[in-house]
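Thanks, everyone. Please bring it up on your screens.

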Amino acid sequence: MLNPGFANLQPYPFQKLSSLLVDSSPAAKIPIDLSLGEPKHPTPEFILDAIRDNLQGAGKYPPIKGDKPIRETIKSWLINRYALPADTIDPDINVLPVTGTREALFAIAHCVIDSQVNDPVVVTGNPFYQIYEGAGLLAGTSMWYVNTLEENGYLPDYSNVPGHIWERCQLLYICSPNNPTGMVMSQQEYELLFKLSDKYNFIIAADECYSEIYLDEKHPPLGILQAANTAGRRNFKNIIIFHSLSKRSNVPGMRSGFVAGDTVLLSKFYQYRTYHGCAMSPYIQEASIAAWSEESHVVQNRHLYREKFDAVLDILEPVMDIYRPQAGFYLWPKTPIDDVKFTRLMVDNENVTVLPGSFTSREVNGVNPGKNRIRIALVAPLEDCIIAAERIKNQINTI
Ligand SMILES: Cc1ncc(COP(=O)(O)O)c(C=O)c1O
């Protein structure tokens, strides 16, 4: 008597990593973990202060919709960040705070999928954040994976998805800036998706949780609402975006994000959440207002990541096939041998943990786009990232 989707769930990438390393004997060197995408820069004090100053809020049930001030704050942030006309976002209907994007990315599938209709499909890039797959499978759909390959600029090429799949597609998850490739979708790529969504009537769930971690300070990543507005689509039909404070403000434990977009979709998601019951606690709302209203800590955050990309790329570029991404905090290089073997060797010989690329993706038509790649999360302090890069270089030089 279980949801049949469980039968197809795969172990989470970090479960696979634990199994791989269960009998490892790490080298006697200080361990450096660059496998998990958990931000480790210090949480700004003003955000912690806002939590402390508002703890009395624990004494009341928060509304599912969030209080007006957080919705107003999110509206202002969106309007400024994406140069949107003020009347395109009504904070009462186009915005909902969520307790981190992870739960919302999962819940949206259950809100929108009609599993009674014609063998439904969820489409995602490949590699992908595994929540998209679990959400689709547990909502009763099949999955269609679009390979994210170097020859397509490290972004999924949606123009290759057959029409019969789009006909069955009810939900498309996109991730820009992309985890793990760090690349950002263009206006043209968004417009292709708008055309397809109009033709086949599917919903686009745009995971933008890395939108504020980018390498070129002068060129923030384009967002899908901005692309829609530029294309004259002010009602954001069939679009829902997912944003998070976890990476932007170094608060992964605070569990704070928001969704925004299509009025009809947002009203249904709100209704769904009145049952689902995930409301943001009042003190987290206050801390989130403080965080979304302040940009200098985010500028500083980007500066720290940029320093790490510069230093690590200097060390690794001469020894491996690696590129500088546009955004995010991951490197996605090729490995000189099988990615799983390489990962194991890195622990046994150098005590550095990375994530095998093939753990983040599925094999499609004989190709696993993560095979012979690793994901390196530059989350440790600069000095540790430099040591880890030197150790990776050592390992490559001994192969
Ligand atoms: C692509 C992607 N989406 C969403 C999330 C979830 O982030 P949070 O739930 O902290 O907002 C992550 C976390 O690593 C991620 O990598």
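One definition before we start: a residue counts as buried when its relative accessible area is under 20%, and as exposed when that area is over 50%. Also keep in mind that this is a predicted model.

Now take strand E13, residues 374-377. Ile-374 and Ile-376 point one way, while Arg-375 and Ala-377 point the other way. All of them are buried. In a regular strand, side chains alternate between the two faces of the sheet.

Where does E13 sit? It belongs to an open sheet of three strands, ordered E10-E13-E12, with antiparallel pairing. The edge strands are E10 and E12, each pairing on one side only. On one flank, strand E10, residues 330-331, pairs with E13 over two bridges. There Tyr-330 stands opposite Ala-377. On the other flank, strand E12, residues 355-356, is joined to E13 by two bridges as well. Pro-356 faces Ile-374, and Leu-355 faces Arg-375.

On to the other sheet. Eight strands make an open sheet, and the pairing is mixed. The order is E2-E9-E8-E7-E6-E3-E4-E5. Strands E2 (95-98) and E5 (155-156) stand at the edges with a single partner strand each, so one side of each has no neighbour in the sheet.

Helix H4, residues 101-112, packs on this sheet. It touches E2, E6, E7, E8 and E9, and its direction makes about 165° with that of E6.

Ile-204 has Ile-239 in E8 as its bridge partner. Helix H10, residues 263-276, lies across E2, E7, E8 and E9, at about 40° to E2.

Next, helix H3, residues 68-82. It has 15 residues and reaches 21 Å from first C-alpha to last, close to the 21 Å expected. Its buried residues include Ile-70, Trp-77, Leu-78 and Tyr-82. Arg-71, Lys-75 and Arg-81 are also among them. The buried set packs against E2, H8, E8, H9, E9 and H11. Just after H3, Ala-83 takes a positive phi of about 50°.

That brings us to backbone geometry. Most residues other than glycine have a negative phi, and most peptide bonds are trans. Here are some exceptions. Asn-118 has a phi near 35°. Its place is the loop between H4 and E3. At 53% relative accessibility, Asn-118 counts as exposed. Asn-201 has a positive phi of about 60° and lies in the loop between H7 and E7. Asn-201 is exposed too, with a relative accessible area of 52%.

Then the cis peptide bonds. One joins Asn-126 and Pro-127, with omega about 10°. Pro-127 is in the loop between E3 and H5. Another joins Ser-176 and Pro-177, with omega about -5°. Pro-177 is in the loop between E6 and H7.

Now the domains. Domain 1 covers 11-37 + 297-397, and domain 2 covers 45-294. Their centres are 27 Å apart, taken over C-alpha atoms. The contact takes 31 residues from domain 1 and 36 residues from domain 2. How much area is buried between domain 1 and domain 2? About 3100 Å², with carbon and sulfur atoms giving 52%. His-297, Gln-326 and Arg-362 supply 21% of the area that domain 1 buries against domain 2, more than any other three residues.

Last stop: Gln-395, in helix H14, residues 382-397. Is Gln-395 buried or exposed? Its relative accessibility is 2%, so it counts as buried. Leaving aside residues up to four places away in sequence, it touches Phe-342, Leu-345, Met-346, Asn-349 and Glu-350. Gln-395 and Ala-287 are 108 residues apart along the chain, and their C-alpha atoms are separated by 43 Å.

That's the tour. Over to you.

Methods. Residues numbered from 1 in each chain as written. Predicted model: local features only at pLDDT ≥ 70, side-chain atom pairs only at ≥ 80, totals over all residues. Heavy atoms only, no water. Pairing = 2+ DSSP bridges. Helix = DSSP H or I, 4+ residues; strand = E, 2+ residues; numbered from the N terminus. Contact = heavy atoms within 4.5 Å. Axes fitted to C-alpha atoms, helices over the stretch in contact; angles between N-to-C directions. Expected span 1.5 Å × (residues − 1). Buried < 20%, exposed > 50% of the residue type's maximum accessible area, 1.4 Å probe, protein only. Domains from an automatic or database assignment. Buried area = accessible area lost by both parts, 1.4 Å probe.
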